[in-house]
Amino acid sequence: MGKTISEKIISEHAGRELKAGDFAVVDVDVVMSQDGTGPLAVSQVKKMGFREVKKPEKSFFFIDHSAPSPRKELSNSHIVLRDFASRTGAVIYDIGEGVCHQVLVESYTCPGDIVIGADSHTCTSGALGAFATGMGSTDIAVGYALAKTWLMVPHTIKINFNRKINKGVFAKDLIIYLIEKITSDGATYRALEFGGEVGARMGIDDRFTISNMAVEAGAKTGIFPSDEITKKYLEDQGRIDCFREITADRGAKYEKIIDIDCSVIEPMVSQPHTVDNALPVSSLEKIMVDQVFIGTCTNGRFSDLKIAADILKDRKVAGGVRLIVVPSSRDTYLEAMEKGVLKTLVDSGAVIQPPGCGPCVGVHQGVLGDGEVCLSTQNRNFKGRMGNPDSFIYLSSPATAAWSAVKGYIADPREVLG
Amino acid sequence: MSGKKKNSKILIGKSFKFGDDISTDLIAPGRLFHLRSNLPRLAEHVLEDADPDFAKKVKPGDFVVGGMNFGLGSSREHAPAVMKIAGVGAVLAKSFARIFFRNCINIGLPALVCNTDKIESGDVLEIDLKKGIISNKTGNLELKFNPLPGIMIKILDDGGLAGHITKNKGFKL
């Protein structure tokens with residue numbers, strides 16, 4: 001019988017034929033945690049009596065969530081990670097290197113891999129045709145120690161993005177539209193497999209955005225088949241040797257197939273306090289913003305910063321609005337610097353912060369005040385997410401965010417891109 | 001409340017009812033990120049942004065009862081960990097977000113899927129983990145919960161994933 005991409009990858013890693021619903025212990029290719037979850041993983045490795053990691057070259061720690069450290073407790077957690085990595089030979093990416101998910105796709109994830117990470121947005125790597133999923137610190141500790149994990153092979157929902165995308169509409173709008181439709185638990189325990197003619201043509205950065213937010217529908221992973229676009233990306237990254245074509249078999253059994261007509265999608269906004277509480281910007285009442293944040297593993301890549309800069313060129317951020325921009329990796333930062341994108345952003349009034357998670361996690365670098373409103377390109381807007389339960393977070397594409405920063409309220413980017 | 005009875009899989013406690021979509025940000029918020037290295041201190045703030053007094057009111061063995069999609073959001077294992085440290089004996093919900101559910105089992109905190117509509121805050125529940133039955137002593141009714149997959153029962157029986165791996169020197173599922 002035909003297999004879905006998840007069934008194929010998990011079967012390979014278990015060394016036997018598996019189908020949706022089966023349980024298996026599998027080998028894993030990439031194991032990672034970050035500074036919020038890594039210290040607990042390290043203590044669990046030690047608690048289980050392991051002194052080494054199984055595959056140091058494929059075991060990663062990222063200091064991205066509170067980087068540079070805003071307080072001593074976190075500085076001490078960073079020391080735990082640095083010490084453990086240096087003792088075991090695990091790979092560590094220290095402050096300023098970027099968000100874990102972005103560094104993994106740039107330099108490590110290969111099509112067909114199983115990637116596990118102590119971060120819910122580990123599913124980002126699914127854009128390269130990997131089975132990538134988030135877990136907790138103890139699972140990741142076991143992954144470090146044994147290079148194995150246990151999985152239930154998920155049932156798959158196929159998402160076909162069909163027809164065409166209108167001007168001013170981006171991958172972020174598509175994924176918010178999808179989550180609004182299927183709700184924030186519409187894909188719990190399921191894999192999402194993305195396709196359709198729009199999906200097949202979609203650039204790699206857009207695929208990262210979409211896979212990144214699969215978990216916001218509850219999904220275990222969000223996978224694109226690997227194809228010529230994946231191949232070109234890996235080639236540009238100097239990693240062509242790890243390219244493999246991974247697609248679902250003909251006759252693969254899907255739990256459900258959802259067809260999305262992209263031509264009806266408008267720029268979307270998620271309203272407080274859930275991602276699925278979304279509607280088109282055009283239907284939104286006038287919402288004044290105090291802060292606009294462009295960045296994160298969802299939308300902090302060069303193409304995102306470029307879209308924002310094109311809108312902000314020769315314009316100014318509205319009075320009373322703070323615009324914070326955080327490149328998602330060092331490579332992104334350098335490219336934006338070399339191509340003048342950062343200059344444009346700074347000229348417009350933006351504040352640029354070092355690569356990392358920025359204010360998304362509510363630790364530092366833009367914590368909101370009581371009653372304040374932020375429009376962000378991040379992936380979630382739960383109450384308290386940005387450090388204050390008495391603030392309000394809206395989510396959008398970088399284009400909507402940039403245009404809203406100019407207007408001072410949440411505004412439709414088609415007014416400027418149309 | 002008495003918590004766990006000796007030599008049995010019966011849990012007894014009082015319920016604290018929450019709504020749908022209780023995120024890990026409400027359970028263990030990012031603004032307290034620095035306390036993740038001190039879980040007993042973080043536990044003093046457990047669920048604070050959903051119910052500011054919960055940490056003061058909860059007694060060992062009590063239950064957290066949610067609606068749909070309990071634990072959505074981040075992978076932070078600290079969220080179920082601080083619930084357990086605060087004394088929570090089990091979490092009941094109509095449905096759980098995947099990572100949170102897996103984390104509960106990994107740390108040895110029972111997470112039970114059942115229809116929670118007929119449970120109110122303050123109800124005294126007696127839960128038979130083996131039989132899969134929740135008796136609402138206050139509401140005077142019985143509820144069934146979905147049995148866990150065999151793999152998860154093994155992990156829970158070993159006291160969580162770390163216990164399972166230590167005991168078996170690897171996976172034995």
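Chain A falls into two domains, with domain 1 covering 5-261 and domain 2 covering 269-417. Please keep in mind as you look around that this is a predicted model.

**Inside chain A**

Let us start with how the two domains meet. The C-alpha centres of domain 1 of chain A and domain 2 of chain A are 24 Å apart. Their contact draws on 32 residues from domain 1 of chain A and 33 residues from domain 2 of chain A. On the domain 1 side, helix H4 (100-107), helix H6 (171-182) and helix H8 (204-212) of chain A are the elements that contribute two or more residues. H6(A) has the largest share of that side, with five residues. By residue class, the side of domain 1 of chain A that touches domain 2 of chain A consists of 10 nonpolar, 13 polar and nine charged residues.

Another helix of chain A deserves a visit. Is helix H14 (residues 398-407) of chain A largely enclosed or largely open? Nine of its 10 residues are buried, so H14 of chain A is largely enclosed by the rest of the structure. The buried residues of H14(A) are Pro398(A), Ala399(A), Thr400(A), Ala401(A), Ala402(A), Trp403(A), Ser404(A), Ala405(A) and Val406(A). Just after H14(A) comes Gly408(A), which has a positive phi of about 90°.

**The chains side by side**

Here are the overall values for each chain.

| Chain | Residues | Buried | Span of the C-alpha trace along the principal axes |
|---|---|---|---|
| Chain A | 418 residues | 62% | about 60 × 50 × 40 Å |
| Chain B | 173 residues | 52% | about 45 × 40 × 30 Å |

The secondary structure of chain A amounts to 15 helices and 18 strands, while chain B has seven helices and eight strands. For chain B, the radius of gyration is 15 Å, close to the 16 Å that the globule rule gives for 173 residues, so chain B is as compact as a globular protein of that length.

In chain A, 76% of the contacts between residues at least 6 apart in sequence join residues at least 24 apart. In chain B, residues 24 or more positions apart make up 65% of the contacts with a separation of 6 or more.

**Where chain A meets chain B**

Now to the interface, where 47 residues of chain A are in contact with 38 residues of chain B. On the chain A side, at least two residues each come from strand E1 (23-27), helix H2 (38-47), helix H3 (72-88), H5 and strand E7 (148-152). Which of the elements gives the most to the side of chain A that touches chain B? That is H5(A), with five residues.

Helix H5 (residues 137-146) of chain A packs with helix H7 (residues 161-168) of chain B at an angle of about 30°, and their axes are 9 Å apart. H5(A) and H7(B) are therefore roughly parallel to each other. From H5(A), the contact uses Thr138(A), Asp139(A) and Val142(A), and from H7(B) it uses Leu161(B), Ala162(B) and Ile165(B). Four of the residues in the contact of H5(A) with H7(B) are nonpolar, one is polar and one is charged.

Notes:
Residues numbered from 1 in each chain as written. Chains lettered and ligands numbered in written order. Predicted model: local features only at pLDDT ≥ 70, side-chain atom pairs only at ≥ 80, totals over all residues. Axes fitted to C-alpha atoms, helices over the stretch in contact; angles between N-to-C directions. Helix = DSSP H or I, 4+ residues; strand = E, 2+ residues; numbered from the N terminus. Parallel < 35°, antiparallel > 145°, perpendicular 65-115°, else oblique. Contact = placed C-beta atoms within 7 Å. Nonpolar A, V, L, I, M, F, W, Y, C, P; charged D, E, K, R; others polar. Domains from an automatic or database assignment. Rg over C-alpha atoms; globule rule 2.2 N^0.38 Å. Buried ≥ 20, exposed ≤ 12 C-beta atoms within 10 Å, placed from the backbone.
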